[in-house]
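Student: Could you walk me through reading a structure, one feature at a time? I'd like the general idea, then the case at hand.

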Amino acid sequence: MGLRLSVTLLTVIPWPGAGDDAIPGDDTAPARAAAGAAMAWAPAVGLLLGVIASAVLLLADHPLGAGPLTASGLAVGSLALLTRGLHLDGLADLADGLASDKAAPAALDIMRRSDIGPLGVVTLVLTLLVQVAALSQAASAGHGRGAAALIAAVVTGRLALTWACRRGVPAARPDGLGALVAGSVRPVVPAAATAATLAAAAAAVAISATATGWALGWTLPLAVAAGLAAAFAVQRHAVRRLGGITGDVLGALAEIAATVTLVVAAMGPPA
(Lines give C-alpha, C1' and ligand atoms only; values in the text may rest on other atoms or scores of the structure.)
Protein backbone atom coordinates (compact mmCIF):
# COMPACT_ATOMS: atom_id res chain seq x y z
CA MET A 1 0.00 0.00 0.00
CA GLY A 2 2.79 2.45 0.87
CA LEU A 3 4.60 2.06 -2.46
CA ARG A 4 1.39 2.27 -4.46
CA LEU A 5 0.31 5.41 -2.64
CA SER A 6 3.77 6.95 -3.05
CA VAL A 7 3.72 6.34 -6.81
CA THR A 8 0.28 7.87 -7.27
CA LEU A 9 1.05 10.78 -4.93
CA LEU A 10 4.42 11.73 -6.43
CA THR A 11 3.89 10.85 -10.10
CA VAL A 12 1.28 10.66 -12.85
CA ILE A 13 1.98 6.95 -13.32
CA PRO A 14 -1.33 5.08 -13.00
CA TRP A 15 -1.68 2.15 -10.62
CA PRO A 16 -4.88 0.05 -10.70
CA GLY A 17 -6.78 0.25 -7.44
CA ALA A 18 -4.76 3.21 -6.21
CA GLY A 19 -7.93 5.16 -5.48
CA ASP A 20 -8.57 2.90 -2.53
CA ASP A 21 -5.33 4.11 -0.95
CA ALA A 22 -6.00 7.85 -1.14
CA ILE A 23 -4.78 9.70 1.94
CA PRO A 24 -7.76 10.96 3.95
CA GLY A 25 -7.97 14.70 4.35
CA ASP A 26 -7.57 14.67 8.10
CA ASP A 27 -4.92 14.12 10.75
CA THR A 28 -6.12 10.77 12.09
CA ALA A 29 -3.68 8.02 12.98
CA PRO A 30 -4.54 5.95 9.85
CA ALA A 31 -4.06 9.00 7.65
CA ARG A 32 -0.65 9.80 9.11
CA ALA A 33 0.39 6.16 8.92
CA ALA A 34 -0.51 6.09 5.23
CA ALA A 35 1.31 9.38 4.65
CA GLY A 36 4.38 8.14 6.48
CA ALA A 37 4.45 4.95 4.43
CA ALA A 38 4.19 6.93 1.20
CA MET A 39 7.05 9.24 2.17
CA ALA A 40 9.18 6.29 3.28
CA TRP A 41 8.83 4.82 -0.21
CA ALA A 42 9.68 8.12 -1.94
CA PRO A 43 13.31 7.14 -2.76
CA ALA A 44 12.05 3.98 -4.49
CA VAL A 45 9.72 6.12 -6.57
CA GLY A 46 12.71 8.32 -7.35
CA LEU A 47 14.54 5.25 -8.64
CA LEU A 48 11.61 4.46 -10.93
CA LEU A 49 11.49 8.03 -12.25
CA GLY A 50 15.27 8.13 -12.66
CA VAL A 51 15.31 4.94 -14.71
CA ILE A 52 12.56 6.24 -17.00
CA ALA A 53 14.24 9.63 -17.46
CA SER A 54 17.66 8.03 -18.05
CA ALA A 55 16.09 5.83 -20.74
CA VAL A 56 14.84 9.00 -22.43
CA LEU A 57 18.34 10.49 -22.16
CA LEU A 58 20.10 7.48 -23.63
CA LEU A 59 17.55 6.90 -26.39
CA ALA A 60 17.53 10.52 -27.53
CA ASP A 61 21.32 10.87 -27.39
CA HIS A 62 22.69 7.86 -29.23
CA PRO A 63 20.11 5.89 -31.25
CA LEU A 64 18.23 9.03 -32.27
CA GLY A 65 21.32 11.24 -32.48
CA ALA A 66 19.84 14.29 -30.77
CA GLY A 67 23.07 15.00 -28.91
CA PRO A 68 23.70 15.28 -25.16
CA LEU A 69 22.26 18.79 -24.76
CA THR A 70 18.93 18.11 -26.45
CA ALA A 71 18.72 14.67 -24.84
CA SER A 72 19.31 16.24 -21.43
CA GLY A 73 16.53 18.75 -22.03
CA LEU A 74 14.16 15.95 -23.01
CA ALA A 75 15.11 13.91 -19.94
CA VAL A 76 14.57 16.82 -17.56
CA GLY A 77 11.32 17.63 -19.34
CA SER A 78 10.13 14.04 -18.96
CA LEU A 79 10.62 14.31 -15.20
CA ALA A 80 8.50 17.46 -15.11
CA LEU A 81 5.74 15.66 -17.01
CA LEU A 82 5.93 12.55 -14.84
CA THR A 83 5.59 14.63 -11.66
CA ARG A 84 3.00 17.11 -12.97
CA GLY A 85 5.56 19.83 -12.37
CA LEU A 86 4.50 19.93 -8.72
CA HIS A 87 8.04 20.01 -7.33
CA LEU A 88 9.00 22.84 -9.69
CA ASP A 89 5.89 24.75 -8.64
CA GLY A 90 6.87 24.27 -5.00
CA LEU A 91 10.36 25.59 -5.71
CA ALA A 92 8.97 28.75 -7.31
CA ASP A 93 6.46 29.28 -4.49
CA LEU A 94 9.10 28.83 -1.80
CA ALA A 95 11.41 31.30 -3.53
CA ASP A 96 8.63 33.90 -3.58
CA GLY A 97 7.71 33.26 0.05
CA LEU A 98 11.23 33.36 1.46
CA ALA A 99 12.17 36.40 -0.61
CA SER A 100 9.15 38.39 0.57
CA ASP A 101 10.93 39.31 3.82
CA LYS A 102 7.55 39.15 5.57
CA ALA A 103 6.45 37.37 8.71
CA ALA A 104 5.64 33.68 8.44
CA PRO A 105 1.83 34.03 8.04
CA ALA A 106 2.21 36.56 5.21
CA ALA A 107 4.96 34.52 3.55
CA LEU A 108 2.77 31.42 3.68
CA ASP A 109 -0.09 33.35 2.10
CA ILE A 110 2.21 34.37 -0.75
CA MET A 111 3.20 30.75 -1.26
CA ARG A 112 -0.45 29.71 -1.41
CA ARG A 113 -1.28 32.02 -4.31
CA SER A 114 -1.72 30.47 -7.73
CA ASP A 115 0.50 33.04 -9.44
CA ILE A 116 4.31 33.07 -9.44
CA GLY A 117 6.32 36.23 -8.76
CA PRO A 118 9.40 37.44 -10.66
CA LEU A 119 11.89 35.78 -8.29
CA GLY A 120 9.98 32.53 -8.48
CA VAL A 121 10.18 32.61 -12.27
CA VAL A 122 13.89 33.38 -12.22
CA THR A 123 14.54 30.61 -9.72
CA LEU A 124 12.56 28.15 -11.82
CA VAL A 125 14.29 29.04 -15.09
CA LEU A 126 17.79 29.03 -13.61
CA THR A 127 17.21 25.71 -11.87
CA LEU A 128 16.07 24.04 -15.08
CA LEU A 129 18.98 25.55 -17.01
CA VAL A 130 21.48 24.30 -14.45
CA GLN A 131 19.91 20.84 -14.43
CA VAL A 132 20.06 20.54 -18.21
CA ALA A 133 23.60 21.95 -18.41
CA ALA A 134 24.95 19.68 -15.67
CA LEU A 135 23.26 16.59 -17.10
CA SER A 136 24.56 17.45 -20.56
CA GLN A 137 28.09 17.74 -19.17
CA ALA A 138 27.82 14.35 -17.50
CA ALA A 139 26.30 12.76 -20.61
CA SER A 140 29.05 14.21 -22.81
CA ALA A 141 31.64 12.30 -20.76
CA GLY A 142 30.10 9.08 -22.06
CA HIS A 143 30.22 5.58 -20.55
CA GLY A 144 26.84 5.99 -18.84
CA ARG A 145 27.86 8.89 -16.61
CA GLY A 146 24.83 10.92 -17.62
CA ALA A 147 22.36 8.17 -16.83
CA ALA A 148 24.09 7.38 -13.53
CA ALA A 149 24.09 11.05 -12.53
CA LEU A 150 20.41 11.43 -13.42
CA ILE A 151 19.31 8.37 -11.48
CA ALA A 152 21.36 9.45 -8.45
CA ALA A 153 19.89 12.95 -8.62
CA VAL A 154 16.26 11.86 -8.80
CA VAL A 155 16.68 9.33 -6.00
CA THR A 156 18.44 11.94 -3.85
CA GLY A 157 15.65 14.43 -4.49
CA ARG A 158 13.03 12.00 -3.20
CA LEU A 159 15.29 10.95 -0.34
CA ALA A 160 15.24 14.60 0.73
CA LEU A 161 11.45 14.29 1.06
CA THR A 162 11.80 11.32 3.39
CA TRP A 163 14.29 13.21 5.57
CA ALA A 164 12.06 16.30 5.69
CA CYS A 165 9.11 14.20 6.90
CA ARG A 166 11.03 12.64 9.79
CA ARG A 167 9.85 12.99 13.35
CA GLY A 168 10.86 16.27 14.94
CA VAL A 169 10.27 18.42 11.84
CA PRO A 170 7.09 20.49 12.36
CA ALA A 171 4.46 21.60 9.86
CA ALA A 172 4.09 25.28 9.04
CA ARG A 173 0.30 25.07 8.74
CA PRO A 174 -2.38 23.06 10.58
CA ASP A 175 -3.75 21.85 7.25
CA GLY A 176 -2.50 20.73 3.85
CA LEU A 177 -0.04 18.06 2.77
CA GLY A 178 2.75 19.41 4.95
CA ALA A 179 0.65 19.03 8.09
CA LEU A 180 -0.25 15.46 7.15
CA VAL A 181 3.26 14.19 6.39
CA ALA A 182 5.33 16.24 8.86
CA GLY A 183 6.82 13.98 11.53
CA SER A 184 5.29 10.87 9.99
CA VAL A 185 8.56 9.02 9.23
CA ARG A 186 10.86 7.41 11.78
CA PRO A 187 14.43 8.78 11.46
CA VAL A 188 15.83 5.28 10.98
CA VAL A 189 14.02 5.04 7.63
CA PRO A 190 15.79 7.92 5.82
CA ALA A 191 19.05 6.98 7.55
CA ALA A 192 18.86 3.45 6.17
CA ALA A 193 17.79 4.67 2.74
CA THR A 194 20.69 7.13 2.66
CA ALA A 195 23.20 4.45 3.59
CA ALA A 196 21.83 2.20 0.86
CA THR A 197 21.93 5.00 -1.72
CA LEU A 198 25.52 5.95 -0.89
CA ALA A 199 26.57 2.32 -0.96
CA ALA A 200 24.87 1.80 -4.33
CA ALA A 201 26.54 4.89 -5.78
CA ALA A 202 29.98 3.80 -4.57
CA ALA A 203 29.40 0.26 -5.80
CA ALA A 204 28.30 1.49 -9.22
CA VAL A 205 31.52 3.47 -9.59
CA ALA A 206 33.69 0.57 -8.41
CA ILE A 207 31.97 -2.04 -10.57
CA SER A 208 32.08 0.20 -13.62
CA ALA A 209 35.79 0.86 -13.21
CA THR A 210 36.66 -2.77 -12.47
CA ALA A 211 34.43 -4.64 -14.89
CA THR A 212 34.49 -2.33 -17.89
CA GLY A 213 37.33 0.09 -17.24
CA TRP A 214 34.86 2.98 -17.61
CA ALA A 215 34.56 5.03 -14.46
CA LEU A 216 31.16 6.59 -13.81
CA GLY A 217 32.88 9.43 -12.01
CA TRP A 218 34.32 9.42 -8.50
CA THR A 219 32.05 12.31 -7.56
CA LEU A 220 28.84 10.23 -7.70
CA PRO A 221 28.68 9.28 -3.97
CA LEU A 222 29.84 12.79 -3.06
CA ALA A 223 27.06 14.20 -5.24
CA VAL A 224 24.42 12.31 -3.26
CA ALA A 225 25.84 13.63 0.02
CA ALA A 226 26.04 17.18 -1.35
CA GLY A 227 22.45 17.08 -2.58
CA LEU A 228 21.16 15.93 0.79
CA ALA A 229 23.26 18.54 2.61
CA ALA A 230 21.84 21.33 0.43
CA ALA A 231 18.28 20.12 1.02
CA PHE A 232 18.89 19.89 4.76
CA ALA A 233 20.21 23.47 4.85
CA VAL A 234 17.17 24.79 2.98
CA GLN A 235 14.84 22.74 5.17
CA ARG A 236 16.32 24.22 8.34
CA HIS A 237 16.00 27.73 6.92
CA ALA A 238 12.39 27.10 5.91
CA VAL A 239 11.54 25.78 9.37
CA ARG A 240 13.10 28.84 11.00
CA ARG A 241 11.48 31.24 8.57
CA LEU A 242 8.05 29.67 8.16
CA GLY A 243 7.71 27.61 11.33
CA GLY A 244 7.79 24.25 9.56
CA ILE A 245 7.37 22.48 6.26
CA THR A 246 4.59 22.68 3.67
CA GLY A 247 3.90 20.85 0.43
CA ASP A 248 5.74 23.64 -1.40
CA VAL A 249 8.77 23.25 0.85
CA LEU A 250 8.85 19.52 0.11
CA GLY A 251 8.70 20.13 -3.63
CA ALA A 252 11.48 22.70 -3.42
CA LEU A 253 13.68 20.34 -1.42
CA ALA A 254 13.31 17.64 -4.08
CA GLU A 255 14.40 20.03 -6.84
CA ILE A 256 17.26 21.54 -4.84
CA ALA A 257 18.67 18.16 -3.86
CA ALA A 258 18.40 16.86 -7.43
CA THR A 259 20.03 19.97 -8.90
CA VAL A 260 23.01 19.97 -6.54
CA THR A 261 23.47 16.23 -7.07
CA LEU A 262 23.56 16.71 -10.85
CA VAL A 263 26.06 19.56 -10.61
CA VAL A 264 28.49 17.65 -8.38
CA ALA A 265 28.08 14.42 -10.36
CA ALA A 266 29.05 16.27 -13.54
CA MET A 267 32.33 17.43 -12.00
CA GLY A 268 35.67 15.68 -12.32
CA PRO A 269 37.77 14.62 -15.31
CA PRO A 270 36.17 12.74 -18.22
CA ALA A 271 35.88 9.01 -17.74
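Tutor: Let's begin with helix axes: these are lines fitted to C-alpha atoms, for helices over the stretch in contact, and angles run from 0 to 180 degrees between N-to-C directions. Helices (H or I, at least four residues) are DSSP runs, numbered from the N terminus. Before the case, note that this is a predicted model, where local features need pLDDT of at least 70, side-chain atom pairs count only at pLDDT 80 or more, and totals for chains, interfaces and linings use all residues. Residues are numbered from 1 along each chain as its sequence is written, and side-chain values use heavy atoms, with hydrogens and water left out.

Student: At what angle do the axes of H8 and H12 cross?

Tutor: Roughly 150°, and the two axes come within 8 Å. Contact means heavy atoms within 4.5 Å. On the H8 side, the residues that meet H12 include Ala-149, Ala-153, Gly-157 and Ala-160; among their partners in H12 are Leu-250, Ala-254, Ala-257 and Thr-261.

Student: How do the residues of that contact divide by class?

Tutor: Ala, Val, Leu, Ile, Met, Phe, Trp, Tyr, Cys and Pro count as nonpolar, Asp, Glu, Lys and Arg as charged, and the others, Gly among them, as polar. The contact of H8 with H12 has 14 nonpolar, three polar and one charged.

Student: What about pockets?

Tutor: On a 1 Å grid over the protein atoms alone, a pocket is an open set of points where a 1.4 Å probe fits, with protein on both sides within 12 Å along at least five of seven lines; lining residues have an atom within 4 Å of a point. The largest pocket here has a volume of about 380 Å³. It has 23 lining residues, and Leu-86, Leu-177, Gly-247, Asp-248 and Gly-251 are the closest to its centre. Its lining comprises 10 nonpolar, seven polar and six charged residues.

Student: Which helix gives the largest share of the lining of the second largest pocket?

Tutor: H10 does, with six residues. That pocket holds about 240 Å³ of space, and its 15 lining residues include Leu-47, Ile-151 and Thr-197. By class, 14 are nonpolar, one is polar and none is charged.

Student: Where does Asp-101 lie?

Tutor: In the loop between H5 and H6. For accessibility, exposed means over 50% relative accessible area and buried under 20%, with partly exposed in between (1.4 Å probe, protein chains only). Asp-101 is exposed, because its relative accessible area is 71%.

How values were computed: Points joined across faces, edges and corners; volume = space filled by probe spheres on them. Helix = DSSP H or I, 4+ residues; strand = E, 2+ residues; numbered from the N terminus.
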